[in-house]
Amino acid sequence: MGCFSNEATLVSPCVKYTLFFFNFACWLFGGVIIGIGVWAFVEKNKYYQKDISTVYDVVFDLSIIFLIIGSIIFILGYAGCIGALRENVCLLKIYYYSMILIFLTLVVGIVLAFVFRDKVKEEVSTILQDNLITTYQDDPDKQSTIDWIQENVECCGVASYQDWVKNEYYNCTTDNPSPLACSVPYSCCRKQDSITSGLPNILCGKNVLKAGGDLSLIYTIGCVEMFLSLAETELPIVGGIVIGFAVPLLIAICLSRLLEGQILDQQRHIQYR
């Protein structure tokens with residue numbers, strides 16, 4: 001039959017089954033992401049439970065983020081897959097309108113972030129400081145994520161290493177009884193195993209928040225600034241990632257819209273034949 005319809009149908013098999021297999025793969029991928037999210041959520045709550053009180057408790061919970069993203073991919077994959085296979089116009093409309101919304105949100109978000117980059121940077125820094133720095137010791141998931149970022153990106157804090165004065169365990173006030181007072185997390189240290197090789201020393205950044213502290217022991221640049229610097233340095237890679245995400249969206253929108261038009265033409269052809 002090839003990619004062209006025969007005399008019995010105006011619907012192109014090439015368009016139909018390309019859209020079907022693409023969305024079938026997305027549907028399976030969404031199911032895998034949901035499975036990972038469920039597993040991570042169950043494992044986390046075996047040892048640690050925290051009530052969700054604000055939207056940021058959801059935003060900064062990776063297991064819930066996996067569940068949300070996986071569910072969106074799963075539902076859209078199902079709509080596109082079944083809509084193409086069964087030639088269901090309603091499902092196809094739900095599918096491509098949702099994809100258009102996602103694409104426009106992506107474009108508008110990038111444009112606004114570029115135009116108002118200083119304001120966005122300030123707002124993001126404030127949100128991260130209030131929801132990650134202050135609760136670092138209270139949530140093992142957040143702690144692991146922050147430590148991984150600081151170690152691998154070679155940064156400390158959100159805007160700078162001084163952000164850690166906002167944490168009740170690390171702040172440098174005279175009435176702070178914590179042994180971690182005036183220090184920063186070990187993940188900020190340039191050399192973590194300063195006592196025993198391979199074993200992080202949690203006090204490797206001790207007293208760096210005091211006036212005259214030895215800042216050569218730690219990374220001093222904030223992670224937001226470091227991420228922006230990396231994005232500028234690796235601009236082709238960042239552009240490739242954006243294009244790699246946007247192009248499949250556009251192709252899926254075009255194919256689903258094309259298939260819908262062919263189905264409607266077929267229905268009118270049958271009706272007036």
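1. A disulfide is taken here as a pair of cysteine sulfur atoms within 2.5 Å. By that criterion, a search of the whole structure finds 4 disulfides. Cys172 and Cys182 form one of them, with the sulfur atoms 1.8 Å apart.

2. The model is predicted, with local features requiring pLDDT of at least 70, side-chain atom pairs counted only at pLDDT 80 or more, and totals for chains, interfaces and linings using all residues. Residues are numbered from 1 along each chain as its sequence is written, and side-chain values use heavy atoms, with hydrogens and water left out.

3. The torsion about the S-S bond of Cys172 and Cys182 is about 105 degrees, so this disulfide is right-handed. Cys172 counts as partly exposed at 30% relative accessibility, whereas Cys182 is buried at 6% (buried: under 20% relative accessible area; exposed: over 50%; partly exposed: in between; 1.4 Å probe, protein chains only).

4. Cys155 is joined to Cys223 by a disulfide with an S to S distance of 2.0 Å. The pair links distant parts of the chain, 68 residues apart: Cys155 is in the loop between helix H6 (140-153) and helix H7 (223-233), and Cys223 is in H7 (helices, H or I, at least four residues, are DSSP runs numbered from the N terminus). This link is right-handed, with 85 degrees about the S-S bond, and both Cys155 and Cys223 are buried.

5. With bonded cysteines counted along the chain, the disulfide pattern is 1-8, 2-5, 3-4, 6-7. Cys26 is in no disulfide; its nearest cysteine sulfur, that of Cys81, is 9.8 Å away. Cys26 counts as partly exposed at 23% relative accessibility.

Terms used. Helices (H or I, at least four residues) and strands (E, at least two) are DSSP runs, numbered from the N terminus.
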